[in-house]
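I opened this entry to record what I looked up, going from helix packing to the sheet and then to the ligand.

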Amino acid sequence: MHAALAEISLTLAANDFVGIIGPNGAGKSSLLHLLSGQVMPTVGHVLLAGRPLHRFSATQLAQRIASVAQINVPALGLTCWQVAAMGLLPHKKWFEHETDRDRQQIAMALEHVGLFDKQQATTDTLSGGELQRLYIARALVQQASILLLDEPTNHLDVQYQHQVLQLLQQLGKTVICSMHDLNLAARYCNKLLLLHEGRVQAFGTPEQVLQPDLLQQVFALPCEVTVHPTFHWRQVTFLAKDMFYTKAKQAVL
Ligand SMILES: Nc1ncnc2c1ncn2[C@@H]1O[C@H](COP(=O)(O)OP(=O)(O)OP(=O)(O)O)[C@@H](O)[C@H]1O
C-alpha cells in the first residue's frame, strides 16, 4: 500500500503561521486532513495540547480547530450571512437563537473578508474568490484557536491574496495552510514545512527552508532565491531549464 505521508514528526507552537509547501501530490492536503482529525494516522498520533485528537469529541475538535477546504461547494440558496453563521454551530445547542454578540461576530467576520455588503447575497451568486473568503469568515466565526486552510489564496486576485494572508497573520491564532505560491508563503508565514513525496524535506523559518538547491531538487526546476532589498523577504524565481542553461552559457562566454 502507498502511504501518502511517512515519518512526519514536528511540533507547532501557538500563534505559528505555518505554510505547507511542496509540489502536487507531495501530501499537503493529506497532512491537513490528519491535523484536523478528519483522517486518523495508521501509525503515530496527532496531539493537541498533549492529548491525541481521537480523544476529543467532534464538537470539542470543532471548538478548537476550524478547517477551510480547497474546494467548497456553494451551499445553494443560503445567504453569506447564513453560511458565516454556521461557524456558531459548535458553540450552540439545538434551536438556540443567535444573540446580539453572535450577530456582531458574524458581521465582523464578513467585514474582515470584505463581504459585509454581500451578506444577503446567496452563495450561488458569488465568484470563486468571494466564496473562498466566505468560508474563511465562517472559520473566524467558529472562534477556533487553530485554523487549517487548504490553499486559501486559490481563486483570489492579488489584492485579496494579500488581504486574506494579512488577516490570517494578524489573527493571533495558530494558522496552518498549504500554499503553492512560495513568495507569498515566504512573506507571511513565520515557518515553512517543505513536503516532497510524503516526507518532510525541511521545516523552519523561510530563510532556513527556501534554499535554492533544496527547491531545485524538490520542484525539479533551476531556481534562484534573492532577498528583497527593503523588506528582506525571500523571493524565489524558478527558471525554465533552457533559460538557466542559456544564462549560464552567456555568463561563461
Ligand atoms: N483519498 C485518497 N486515497 C488514496 N490516495 C490519496 C487520497 N488522497 C490523496 N491521495 C494520494 O496521496 C498523495 C498526496 O496527495 P495530497 O492531495 O495530499 O497532495 P497535495 O500535496 O495536497 O497535492 P496538490 O498540490 O495537488 O493539492 C498523492 O499521491 C495522492 O494521489
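For axes I took lines fitted to C-alpha atoms, for helices over the stretch in contact, with angles running from 0 to 180 degrees between N-to-C directions. Helices (H or I, at least four residues) and strands (E, at least two) are DSSP runs, numbered from the N terminus.

I noted the source next. This is a predicted model, in which local features need pLDDT of at least 70, side-chain atom pairs count only at pLDDT 80 or more, and totals for chains, interfaces and linings use all residues. Residues are numbered from 1 along each chain as its sequence is written.

**Confidence.** I read pLDDT as the predictor's confidence in each residue, from 0 to 100. The chain averages 88, and 92% of the residues score at least 70. Helix H10 (residues 241-252) has the lowest confidence in the chain, at a mean of 61, while E1 has the highest, at 97. Where pLDDT is low, the predicted coordinates should not be read in detail. I logged ipTM 0.92 and pTM 0.88 for the model.

**Helix pair.** I looked up how helix H4 (residues 100-112) packs on helix H5 (residues 128-141): the angle is about 140 degrees and the axes are 9 Å apart. H4 is therefore oblique to H5 (under 35 degrees counts as roughly parallel, over 145 as roughly antiparallel, 65 to 115 as roughly perpendicular, the rest as oblique).

**Sheet.** I count two strands as paired if DSSP finds at least two bridges between them. An open sheet of six strands runs in the order E4-E5-E6-E1-E7-E8, with mixed pairing. Strand E4 (65-68) and strand E8 (199-204) are the edges, each pairing on one side only. From one strand to the next the twist averages 15 degrees. Strand E1 (residues 17-21) pairs with strand E7 (residues 191-196) in the parallel sense over four bridges. Ile21 has Leu194 in E7 as its bridge partner.

**Ligand.** I listed the residues around the ligand (C-beta atom, placed from the backbone, within 6 Å); among them are Ala4, Asn24, Lys28 and Ser178. Helix H1 (residues 28-36) gives the most to this shell, with three residues.
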